[in-house]
Amino acid sequence: MTTVLSQSHFIFGLRKGVTNNLCFVDEQTVVFPSGNSCVIHNTTQRWQRFIPGSENSLGLRALALGPNRRYLAVSEKAEKASITVFDLHHEQGRKRKVLTAGDLLVQEFLCMAFSPDSKYLIGQTGAPEWMLIFWFWEKNKVLATFKTTTSNNPISQISFSPHNNMQVCVSGNGVFKMFRYSEGLLKQSSIAKVEMINFLCHTWLSEDRVVAGSDTGRLLVSESGDLRKEIKMSSKA
């Protein structure tokens, strides 16, 4: 008896609730989550390739693309959450490493980021742990962990400085923190007083300067972890 197998040829739709859910691999190719798969879509030649989710997954949670545009990190919610790093230069998106929080039983990684040279990866777990985990991902080695917040102050974004593999920024609701990895530890540079500010995003301006945007449209500039300046956005057209 001949076995008939079905195979996806084209997938439509975008899964919401996935952090960083649209990544540009190059000028013609994007990666996005749809259902329980990541879709690699070429807008010019109109072809798609697929990276399926794992069997025990409770859904995709976040994506992160390395600065070298080669490695894609995919986090999946599960009884024991994991992050899988794929090699996009391989035709089938070859799986490189599966990262976990080690002995910590976490159910999800809310956001992730690669270092400038794509050798390191940071991941932020959800409640109640709220642990920031720093991996040397190619060796599947956890280098450091740090509890960044409490359940009352969720994290919205984490990132590496584009100029320094060891410099990290974490922002969220009432949270704005800078860290430096040194001597096997994530050491917090300073504590900005931002209890009443809900940061939705941030971006690096230089090695030690970051601008962060709030839910009320405020732009605040931080230097070495201390808030130094506010840029007021005009409401005039």
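1. Buried means under 20% relative accessible area, exposed over 50%, and partly exposed in between, with a 1.4 Å probe and protein chains only. Ser34 counts as buried, because its relative accessibility is 7%. Ser34 lies in strand S2.

2. A word on the model. It is predicted: local features need pLDDT of at least 70, side-chain atom pairs count only at pLDDT 80 or more, and totals for chains, interfaces and linings use all residues. Residues are numbered from 1 along each chain as its sequence is written, and side-chain values use heavy atoms, with hydrogens and water left out.

3. Next, the terms for strands. Helices (H or I, at least four residues) and strands (E, at least two) are DSSP runs, numbered from the N terminus. Two strands pair if DSSP finds at least two bridges between them. Strands of a sheet pair through backbone hydrogen bonds, either parallel or antiparallel.

4. Now the sheet around Ser34. Four strands make an open sheet, in the order S1-S2-S3-S4, and their pairing is antiparallel. Strand S1 (23–24) and strand S4 (47–52) stand at the edges. Each has a single partner strand, so one side of each is left without a neighbour in the sheet.

5. Take S2 and S3. Strand S2 (residues 29–34) runs antiparallel to strand S3 (residues 37–42), and six bridges join them. Phe32 has Val39 in S3 as its bridge partner. Ser34 stands opposite Ser37 in S3. Two residues lie between the strands in this hairpin, and Gly35 takes a positive phi near 65° there.

6. What does Ser34 touch, leaving out residues up to four places away in sequence? Contact means heavy atoms within 4.5 Å. By that rule, Ser34 touches Ile11, Phe12, Gly13, Leu14, Arg15 and Val39.

7. Is S3 mostly covered or mostly uncovered? S3 is mostly covered, with six of its six residues buried. Both faces are covered. Ser37, Val39 and His41 are buried on one side, and Cys38, Ile40 and Asn42 are buried on the other.

8. S3 also pairs with S4. The two strands are antiparallel and share six bridges. Ser37 has Pro52 in S4 as its bridge partner. This hairpin has four residues between the strands, and Arg46 takes a positive phi near 60°.

9. Strand S11 (residues 131–136) pairs with strand S12 (residues 141–147) in the antiparallel sense, over six bridges. Met131 has Lys147 in S12 as its bridge partner. Four residues lie between these strands, and Asn140 takes a positive phi near 50°.

10. Last, the cysteines. A disulfide is a pair of cysteine sulfur atoms within 2.5 Å. By this rule, the count is zero. Cys111 is in no disulfide either, with the nearest cysteine sulfur, that of Cys169, 11 Å away. Cys23 is buried, because its relative accessible area is 4%. Cys111 counts as buried because its relative accessibility is 3%.
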